[in-house]
Amino acid sequence: MNRLDKTELIFKVLAYTVATLFAIAALYPFIYTFSSAISGRQAVESGSVVLFPVDVQWDAFNDIIRGQYAKGFWIAYSNTIFYTLYGTLFSMLISVFAGYALSKDRLIFRRQINFLIVFTMWFSAGMIPTYLNYKRLGVDGRWGIIFAFGAQAFNIVLLRNYFSGISKEIEEAAIIDGANEFQVLWKIYIPMSKAAMATVTLFYALNRWNGYFWNRILVPDVDHPLQVFLRIYLDTTVNDPDQSLFNYNYSTQSMLYAMIVMSIIPIIIIYPYLQRYFAQGVNVGGVKE
Amino acid sequence: MKNDQIIIQEDVLQVERREKIIDEMERTKWKRYWAQVKKDWALYLMLIPVIMFFFLVRYLPISGILVAFKNYDNALAIGDQDFYGFFALKNLMFSDQTRTVEFWRAFRNTFSISMYGLIFGFPIPIILALFFSEIKNELYRSITQILSYLPNFISMVVITSIVSLMLAGGNQSGTVAPGVITQLLINLGVVEQGVNIRIEPEYFRSIYIISDIWQGAGYGSIVYFAAIMGINPVSYEAARIDGANKLAQVRYVTLPGMAPTLTIMLILRIGSVLSVGFEKVLLLYDVQNYSTSDVLSTYVIRLGSLMSGGGASGGGSQISVSFAGAADLFNSLIAMMLVLGANFVSRRVSETSLF
């Protein structure tokens, strides 16, 4: 074996090893979380759960799904679903309209409007002014949150770039046939940009599902989404090092782990089917105006 | 000679005519714009929501920056408050109060977390992409790649909860064992029994940066992977014939091939050096490790009492909102300067720039 082959071989072995280790490391905490959620109190508190569950119990899940903790949990869960559903719809509505209009060369002030949108990616007024502004606008409830996080410049640019790549011929034919702008968008552009639409929808939905800080400081407790609920629960767990909250057969940690599992299940379920779209956004790039 | 004159005359006439046309166009500019708008009214209608949104949510707050120069009183509108000038900024940056110490501590922490994040976090996605591109079995490669992206889509609250629990130190009486990673570190002899690394100041940066790499490196590798895949295989072939081994191929073919992507990503990273993901710090830090963990954004949040319902949200000490505003402004300005600076340098050096 000559020297050339040797470096190639070493490189290959290294590549497989590192990629495999990284993939395992990415997955491990989630497996551990699930195993801990269904392990017995003794096992979790003594630290004997490492990978697989020990002394399997389903009471932690049971208690948050239909037991005594179910009420607060499902309120938070339905709030999250509400924010994700309506928020994504609202965001998509303004972003698709904006992306479509901005993809037209004949638009007057196209460059200026583009700049105003792209500028927000690089400059923000800061946290205090943003907060005071939300307060002044009256963002203090569910619909306020839906509005306040309406659109993101990156997603609009992504849609705009995709729309401008679509051939104009079909559009022109449709206009000759008497289609108006909305029909062109709905019947031609949207069906022809399924991939971009899926990617942007996914980004918006994930942002809504995962949002924490502003949801916590802007809306009252009853409107708190799941992430805020989870965090508040974590604070009580961490501040109670003896974890003496209950006398059940599962530990407070398992309760938290079970909530985490419940909160990421939707993502884990759709992930394998939609991973193509998850990975797409970064490659569209070309943010440059 | 005569011919030349005729040509000059014609030129003058043409220039005059052109000027007339330009004048006419300038005069009817708005009329023509209006005709355009009327014809494409639907397009402009579509832009109304987005313009309103960005105005209300992103541009309107800019006037609130004034809070840094005022004596904040939440009963009044920003415009009606007493003007204090640079009092808050000066007091924050150069006084002998704890506020000043905390401000500079937050500044230093922001900077060092970002710098370490850049030094360790920037190369790893590139190396990962290199390795992914080396795996020729497509199925195996896709599986490892897809798995490595996953943590990027999980919420910060969940990530930090898992990190906190895995790094927990256990309780004093020993009835609750340390978290699984703490346990591993104890077994390896890296930390001593009974040390709570979750709240010890000396571990915060490592925790922050390692968990960042764990969460983001896979996803971050996509863009480099695409760049590597875009390199013409013929270049590798040529290098191999010239006797280049694998390392030399990486050095002379792969890296130059992905140079534009590298530059853009590096500017992006440097530009955001001061915008440490505040949500993550907020979720991960603890009173006991403020000395290494408190960054400008989290300091602003505490000073403005955003989380506790005081200060900016009504009641509480109001002058501190002005201090928070000043710290906030400082942060935004430096962040902006870094973006512009990085962009400028890169445009000069490599003709690749963001804007």
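Chain B averages a pLDDT of 82, and 87% of the residues score at least 70; pLDDT is the predictor's confidence in each residue, from 0 to 100. This is a predicted model, in which local features need pLDDT of at least 70, side-chain atom pairs count only at pLDDT 80 or more, and totals for chains, interfaces and linings use all residues. Residues are numbered from 1 along each chain as its sequence is written, while chains are lettered from A and ligands numbered from 1 in the order in which they are written. The model scores are ipTM 0.89 and pTM 0.86.

Staying with chain B, there are 17 helices and zero strands. Helices (H or I, at least four residues) and strands (E, at least two) are DSSP runs, numbered from the N terminus. Among the elements of chain B, the highest mean pLDDT, 93, belongs to helix 6 (residues 123-134), and the lowest, 76, to helix 4 (residues 87-93).

Now burial. A residue is buried if 20 or more other C-beta atoms lie within 10 Å of its own, exposed if 12 or fewer, and partly exposed in between, with C-beta atoms placed from the backbone. Of the 355 residues of chain B, 36% count as buried. Helix 8 (residues 156-166) of chain B is mostly covered, with 11 of its 11 residues buried. Among them are B:Met156, B:Ile159, B:Thr160, B:Ser164 and B:Met166.

Next, contacts: two residues are in contact if their C-beta atoms, placed from the backbone, lie within 7 Å. In chain B, taking contacts between residues at least 6 apart in sequence, 62% join residues at least 24 apart. One residue to look at is B:Val250, in helix 12 (residues 246-257) of chain B. Leaving aside neighbours within four places in sequence, B:Val250 is in contact with B:Leu130 and B:Leu255. B:Val250 and B:Leu130 are 120 residues apart along the chain, yet their C-alpha atoms are separated by 8.5 Å. Is B:Val250 buried or partly exposed? B:Val250 is partly exposed, because 18 other C-beta atoms lie within 10 Å.

On to the interface. The contact takes 85 residues from chain A and 78 residues from chain B. On the side of chain B that touches chain A, the largest share, 11 residues, comes from helix 3 (residues 41-59) of chain B. That side divides into 55 nonpolar, 17 polar and six charged residues. For those classes, Ala, Val, Leu, Ile, Met, Phe, Trp, Tyr, Cys and Pro count as nonpolar, Asp, Glu, Lys and Arg as charged, and the others, Gly among them, as polar.

Within chain A, the axes of helix 11 (residues 194-210) and helix 14 (residues 252-278) come within 9 Å and cross at roughly 105 degrees. Axes are lines fitted to C-alpha atoms, for helices over the stretch in contact, and angles run from 0 to 180 degrees between N-to-C directions. Helix 11 and helix 14 of chain A are therefore roughly perpendicular to each other; angles under 35 degrees count as roughly parallel, over 145 as roughly antiparallel, 65 to 115 as roughly perpendicular and the rest as oblique. A:Ala195, A:Ala198, A:Thr199 and A:Leu202 in helix 11 meet A:Leu274, A:Tyr277 and A:Phe278 in helix 14. This contact has six nonpolar residues, one polar and no charged.

Last, a backbone point. A:Asp55 is not a glycine, but has a positive phi of about 50 degrees. A:Asp55 is found in the loop between helix 2 (41-45) and helix 3 (59-65) of chain A.
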